[in-house]
Amino acid sequence: MGSGAWTIEKRSTFRNESFSKEYVTVSETGCLSIIVLGASGDLAKKKTFPALFNLYRQGFLQSNEVHIFGYARTKISDDELRNRIRGYLIQGSGSSDKQLEEVTKFLQLIKYISGSYDSGEGFQLLDKEISGYEFSKNTVEGSSRRLFYLALPPSVYPSVCKMIKNNCMNKSDLGGWTRIVVEKPFGKDLGSAEQLSAQIGELFDEPQIYRIDHYLGKELVQNLLVLRFANRFFLPLWNRDNIANVQIVFREDFGTEGRGGYFDEYGIIRDIIQNHLLQVFCLVAMEKPVSLKPEHIRDEKVKVLQSVVPIKDEEVVLGQYKGYRDDPTVPDNSNTPTFATVVLRVHNERWEGVPFILKAGKALNSRKAEIRIQFKDVPGDIFKCQKQGRNEFVIRLQPLEAMYMKLTVKQPGLEMSTVQSELDLSYGQRYQGVTIPEAYERLILDTIRGDQQHFVRRDELKAAWEIFTPLLHRIDDGEVKPLTYQLGSRGPAEADQLLERAGYVQTHGYIWIPPTL
């Protein structure tokens with residue numbers, strides 16, 4: 001195979017319950033190092049390492065081609081880190097001997113290095129360990145791939161990126177690469193996000209930076225482009241002539257659960273709406289891209305964000321659940337919202353006049369995330385059935401992934417009476433035995449493959465912050481106050497009143513029941 005740059009070998013088609021596609025891995029003359037910074041933290045233990053394990057278990061990471069390095073300030077041994085991670089990799093109480101063996105083999109791929117995030121000594125040691133692994137695999141210098149996953153607070157991104165740039169890059173360019181993955185929240189407003197982008201942009205080129213938003217890795221979110229642009233019957237309906245309003249909803253039935261101090265720095269808009277829900281909004285509202293190339297898709301997302309008009313104060317309702325300030329880590333005078341309903345208006349030909357209602361809250365009466373597209377009334381309603389509710393297309397992102405269309409049908413029987421029912425695609429029933437990949441699995445795999453389609457580009461991030469920064473500054477300055485609401489409620493009653501003013505018609509008497517197997 002020669003001693004030049006690493007080469008790609010095409011392996012046999014690999015199929016399993018989660019993925020069905022041909023995949024490629026590097027040959028033995030090139031290797032992949034995955035470095036998890038913040039390896040001892042919650043995010044790494046609960047999300048990053050389990051995602052890497054699932055990729056390993058399914059064959060997307062080969063033990064002879066990949067090595068995983070954990071880096072953090074905590075002074076622990078390799079085995080101590082492995083033991084901390086182990087419990088998060090074994091799902092359920094009935095783990096088989098094979099699963100336990102897979103976990104053990106995976107954990108042996110992990111090596112831990114302790115060091116600070118702002119001095120070169122620790123990163124030089126990290127580079128020495130990575131280089132030693134690459135040398136052991138006979139990798140030509142400059143041909144290896146290094147993926148740095150920053151499972152860290154954004155405040156240390158600049159110093160960590162500087163340390164990586166100065167100490168841990170490939171020493172020459174022989175086909176290898178260095179990429180960094182950064183988590184949200186990426187800044188707290190437009191100014192801080194731009195400053196952070198500039199600091200990281202001085203060190204890395206845009207194709208090297210992967211700003212991860214795990215919502216873009218969710219199965220039903222990934223399905224949005226297919227639904228919109230591969231189905232003829234949606235094409236003529238997806239516009240202001242037929243759609244009355246769109247709701248994008250995130251609800252949790254628990255509060256901050258010990259994260260009050262962290263959450264209070266950001267609030268529900270920064271934590272959920274400005275990133276997760278706004279990304280979903282982009283995919284619902286964007287125009288058809290020229291192709292499925294990542295840049296073409298991200299171009300259209302930026303265009304629709306730039307078409308959003310400034311948010312009006314009368315189209316915002318904020319809430320804070322009763323008892324939120326009882327958390328000792330939350331200030332007694334906190335103005336941070338734990339609930340928000342915000343109406344976005346898009347000034348373009350497709351969506352003029354259609355309200356996009358983004359709603360998120362904690363300590364509510366249910367847990368779910370969904371997109372609810374409500375269609376306009378049928379003109380000339382000869383069945384007098386409008387009071388029963390409008391047609392709706394609902395995409396349930398979590399839990400119990402599903403898509404269903406609410407429509408009016410004849411009630412079975414001798415009478416000509418109508419009732420609301422649904423056409424239902426519930427994933428648990430339709431795709432029995434299929435394991436839906438976790439979002440982090442998909443996105444880490446995309447990073448390794450160099451596919452930036454499901455990652456946020458710098459100009460997209462800027463456009464997103466431009467929408468919400470004026471509102472966030474008014475909240476931070478105490479000019480906009482959250483209303484108090486009870487735990488386990490729907491949120492402030494004023495939020496439902498805002499929905500009604502925006503034109504949403506609530507259906508009474510209909511409840512979607514997930515089908516049973």
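At 47% relative accessibility, D476 counts as partly exposed, a class that lies between buried (under 20% relative accessible area) and exposed (over 50%), as computed with a 1.4 Å probe on protein chains only. The model in which this residue is described is predicted, so that local features need pLDDT of at least 70 and side-chain atom pairs count only at pLDDT 80 or more, whereas totals for chains, interfaces and linings use all residues. Residues are numbered from 1 along each chain as its sequence is written, and side-chain values use heavy atoms, with hydrogens and water left out.

The side chain of D476 meets that of R270 in a salt bridge, with 2.8 Å from N to O, the term denoting a side-chain nitrogen of Lys or Arg within 4 Å of a carboxyl oxygen of Asp or Glu. Because R270 lies in helix α9 (residues 260-285) and D476 in helix α13 (residues 458-476), the pair ties together parts that are 206 residues apart in sequence; helices (H or I, at least four residues) and strands (E, at least two) are DSSP runs numbered from the N terminus. R270 is buried, its relative accessible area being 5%.

Across the whole structure, the search finds 27 salt bridges. Among them, R390 pairs with D377, the closest N and O atoms being 3.0 Å apart; both residues lie in the loop between β15 (368-375) and β16 (392-398), and the pair therefore ties together parts that are 13 residues apart in sequence. R390 is buried at 13% relative accessibility, while D377 is partly exposed at 35%. In the salt bridge between K368 and E370, the closest N and O atoms are 3.4 Å apart; K368 is buried with a relative accessible area of 19%, and E370 is buried at 3%. A network of salt bridges links E295, R298, D299, R457 and D459.

Strand β5 (residues 32-37) is mostly covered, six of its six residues being buried. In a regular strand the side chains alternate between the two faces of the sheet. In β5, L32, I34 and V36 point one way and S33, I35 and L37 the other. Strands are taken to pair if DSSP finds at least two bridges between them, and β5 pairs with β6 (residues 66-72) in the parallel sense over six bridges, with Y71 of β6 as the bridge partner of L37. The chain passes from β5 through helix α1 (residues 42-57) to β6 in a right-handed β-α-β crossover, that is, with the strands pointing away from the viewer, the path from the first strand over the helix to the second runs clockwise. Six bridges also join β5 to the parallel strand β8 (residues 145-150), in which L150 stands opposite L37.
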